[in-house]
Amino acid sequence: MTTIYALDLFGVVVFAITGSLAAGKKRLDLFGVVVLALATALGGGTIRDVTLGALPVFWVSDPTYVIVAAATALATFVIVRCWRLPGGVLLVADAFGLAIFTVIGARKALEADVSPVIAVLMGMMTGVAGGMIRDVLSGEIPLILRREIYATASLCGAIVFATLSWGFPGAAANAVVAVVAILASRLAALKWGLSLPTFSPRESADRDGD
Amino acid sequence: MTTIYALDLFGVVVFAITGSLAAGKKRLDLFGVVVLALATALGGGTIRDVTLGALPVFWVSDPTYVIVAAATALATFVIVRCWRLPGGVLLVADAFGLAIFTVIGARKALEADVSPVIAVLMGMMTGVAGGMIRDVLSGEIPLILRREIYATASLCGAIVFATLSWGFPGAAANAVVAVVAILASRLAALKWGLSLPTFSPRESADRDGD
Amino acid sequence: MTTIYALDLFGVVVFAITGSLAAGKKRLDLFGVVVLALATALGGGTIRDVTLGALPVFWVSDPTYVIVAAATALATFVIVRCWRLPGGVLLVADAFGLAIFTVIGARKALEADVSPVIAVLMGMMTGVAGGMIRDVLSGEIPLILRREIYATASLCGAIVFATLSWGFPGAAANAVVAVVAILASRLAALKWGLSLPTFSPRESADRDGD
């Protein structure tokens, strides 16, 4: 249990950093940085808890999440003024965060006794919704909707986790296998630039030559 | 009851198609198409259930909604690659979806024993919020806020339904009359290009000549 | 209790006006004006109630809020056609609305027995989230994230209120002191153009000369 809690907070730190950096690109002020960090780090889990009816949401019951996310945002705000974060490290950390949040989300949904389809959806939502809120608030079309394999890695991992949990209820190895599956597919997508096909309706295709 | 369920799923299919097509215009990838379809088809009902406190939300209790919306998105993704959807058919189907969702939303709110004002608002919210979420996620100002009579048709139908339900509690004809009212006003608005007055504050009007 | 209720409705009126005016700038139609007014006036309290699990949300239990916000939007729609609102009055009224909503939000959270950190966050969320939803729906990056001291005034006031409530539980003066603190800092920021430092990561700073 303590390991899961520590990993969960690690995910919060990573996503708070990505939220802060997105705020930096838009030249938001200190408050905007903290808001985007909180929304990115806590948004996915909030939507999961609200739709499941697990209220009050997790960060109301345990303010540690809010404090960790806000402290990370403040630290990022200070650190990037004098030190450039290496992009590669951040992308790998982000992949870890995605994997952890997905599995924790799916696990919480399964504990609430919902159908496996919903558990998979809740896992993915926990992993990617925070990033979507971050993008909407900073005036972008959510990157997740058009980027290389990202949510897809989360989706596959959630399916792996739900399937294993159905076959071997409660086995600790289920989470490990799912996390590894998400990390492997996400990092492979990053390394080789893999992506899903995009939507090209007939009429747009016809207009491509214009 | 079965008729209502079938109509509800028909509304899900129609809105999932409009969500998928919006994703197509923005060249989102396959995952983005499914997310926009789910948000459009299930968003309005989700906000209704959450604000009413009817938790967990409807699609957590009955995953059929999720499966139907996702399958519709995948089918749309494949079909539009080789076949052009006729715009007129889609607009009429969308009007049907709007009418069905509005009445189902108002009905669910009245069953939760809220005041008629709130039931009208919940009906309209169920009908139009999914489309608003779709537009925000795809980087547009929600069309519904500036388009020809759309939400207004939903609003009028919801008022008709709430009034009839107050006069004749539980009569099946209430829903039929309200659906017809929404369809008639929406299709009339489409045919004759009717619209509401727009907001023109004094100062903007003065600048119109520039 | 009656004073608080009256102040709360005053806040609803003020925020409904700012929502209507934002809709006017985007030339939305009458329906769009009402939707933006409702979202601005009721959005913050809705997110607070949902995350706290205080369901159904406040405006479902008491439709007066919805009616007041909608009537304000309609009145604004009519009035600005023939009469120009003085900007200064509106900014001061908006500062009052921010102060009232923040304290009411923090108070409601403390009554739900959450930790002080969460009560502060809930106060700020009640004060500023409505404006953020307004900006996202009208296609802007939320102003609050980049403007002069606004959310920061709300944050400080919420901290003052939570601290006083911890020291002197239930004292009526707590709310008065917190409202005055928010008003004073917000109006001072408006008068002297105070603002928080913005985020300037190393790499962007390097590109400033371009």
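Helices (H or I, at least four residues) and strands (E, at least two) are taken here as DSSP runs, numbered from the N terminus. On that basis, chain A has 9 helices and 0 strands. Along the sequence, the pattern of chain A reads α-α-α-α-α-α-α-α-α.

The model is predicted; local features need pLDDT of at least 70, side-chain atom pairs count only at pLDDT 80 or more, and totals for chains, interfaces and linings use all residues. Residues are numbered from 1 along each chain as its sequence is written, while chains are lettered from A and ligands numbered from 1 in the order in which they are written.

Confidence was examined next. pLDDT is the predictor's confidence in each residue, from 0 to 100. Chain A averages 84, and 90% of its residues score at least 70. Residues 202-210 of chain A stay under 50. For this stretch the model has 7 contacts beyond four places in sequence. Two residues are in contact if their C-beta atoms, placed from the backbone, lie within 7 Å. Where pLDDT is low, the predicted coordinates should not be read in detail. For the complex, the predictor gives an ipTM of 0.80 and a pTM of 0.85.

The arrangement of the copies was then considered.

Where chain C meets chain A, 26 residues of chain C are in contact with 29 residues of chain A. On the chain C side, α2 (30-52), α6 (116-137), α7 (151-167) and α9 (202-207) give two or more residues each. The largest share, 4 residues, comes from α6(C). This side of chain C divides into 15 nonpolar, 8 polar and 3 charged residues. Ala, Val, Leu, Ile, Met, Phe, Trp, Tyr, Cys and Pro count as nonpolar, Asp, Glu, Lys and Arg as charged, and the others, Gly among them, as polar.

A residue is buried if 20 or more other C-beta atoms lie within 10 Å of its own, exposed if 12 or fewer, and partly exposed in between. Of the 210 residues of chain A, 54% count as buried. Helix α7(C) is mostly covered, with 12 of its 17 residues buried. Among them are C:A151, C:C156, C:F161 and C:S165.

In chain A, A:G127 lies in helix α6 (residues 116-137). A:G127 counts as buried because it has 33 C-beta neighbours inside 10 Å. Beyond four places in sequence, A:G127 is in contact with A:G44, A:L98, A:F101, A:T102, A:G105 and A:S154. The C-alpha atoms of A:G127 and A:A158 are separated by 9.7 Å, with the two residues 31 apart along the chain.

Among contacts in chain A between residues at least 6 apart in sequence, 71% join residues at least 24 apart. In chain B, B:A106 touches B:A119, B:V120, B:M122, B:G123, B:A158, B:F161 and B:A162, leaving out residues up to four places away in sequence.
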